[in-house]
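Thanks for asking me to look this over.

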Amino acid sequence: PGRESKVALREIDGATLEVVVVDAAGETVPFARLRLVTPSKLPWLDVDDAGVQRLDPFTDAHGRRTLSRVEPGLVTVYASYGDGHAKAEVDLLDGQRKSVRLELR
């Protein structure tokens, strides 16, 4: 009581991760399921600048998805489609943009 503390809070921008999922022949896979494991193990939420949250875990019809505001650090991306599965680890820095290609096996 009677003391004042000043605190500066800084929200990270997060990284942008562009994901493309392909089959063994190198063809993109439409609507593959994605899962992200972040360094904190907290669930990643896809929220755009307008505050709208995308709930589905799928790539688009061309096997692509851009994941925004991903927690920096070592991130593991999983993809699945039918019986095929893929996994990639990506080391992300705050504000960085990276691409990852996942080949289903």
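Here are my points on the charged side-chain pairs.

1. A word on the basis first. This is a predicted model, where local features need pLDDT of at least 70, side-chain atom pairs count only at pLDDT 80 or more, and totals for chains, interfaces and linings use all residues. Residues are numbered from 1 along each chain as its sequence is written, and side-chain values use heavy atoms, with hydrogens and water left out.

2. The structure has six salt bridges; the term means a side-chain nitrogen of Lys or Arg within 4 Å of a carboxyl oxygen of Asp or Glu.

3. Take Arg97 and Glu18, whose closest N and O atoms sit 2.7 Å apart. Arg97 belongs to strand S8 and Glu18 to strand S1, so this pair ties together parts 79 residues apart in sequence. (Strands, E, at least two residues, are DSSP runs numbered from the N terminus.) Arg97 is exposed at 52% relative accessibility, while Glu18 is partly exposed at 27%. Here buried means under 20% relative accessible area, exposed over 50%, and partly exposed in between (1.4 Å probe, protein chains only).

4. Asp94 and Arg10 form another salt bridge, at 3.6 Å between the closest N and O atoms. Asp94 is in the loop between strands S7 (84-92) and S8 (97-103), and Arg10 is in the segment before strand S1 (15-22), 84 residues apart. Asp94 is partly exposed at 31%; Arg10 is exposed at 64%.

5. Finally, look at Asp56 and Arg65, which meet in a salt bridge at 3.5 Å, N to O. Arg65 is buried, with 5% relative accessibility, whereas Asp56 is partly exposed at 28%.

How values were computed
Helices (H or I, at least four residues) and strands (E, at least two) are DSSP runs, numbered from the N terminus.
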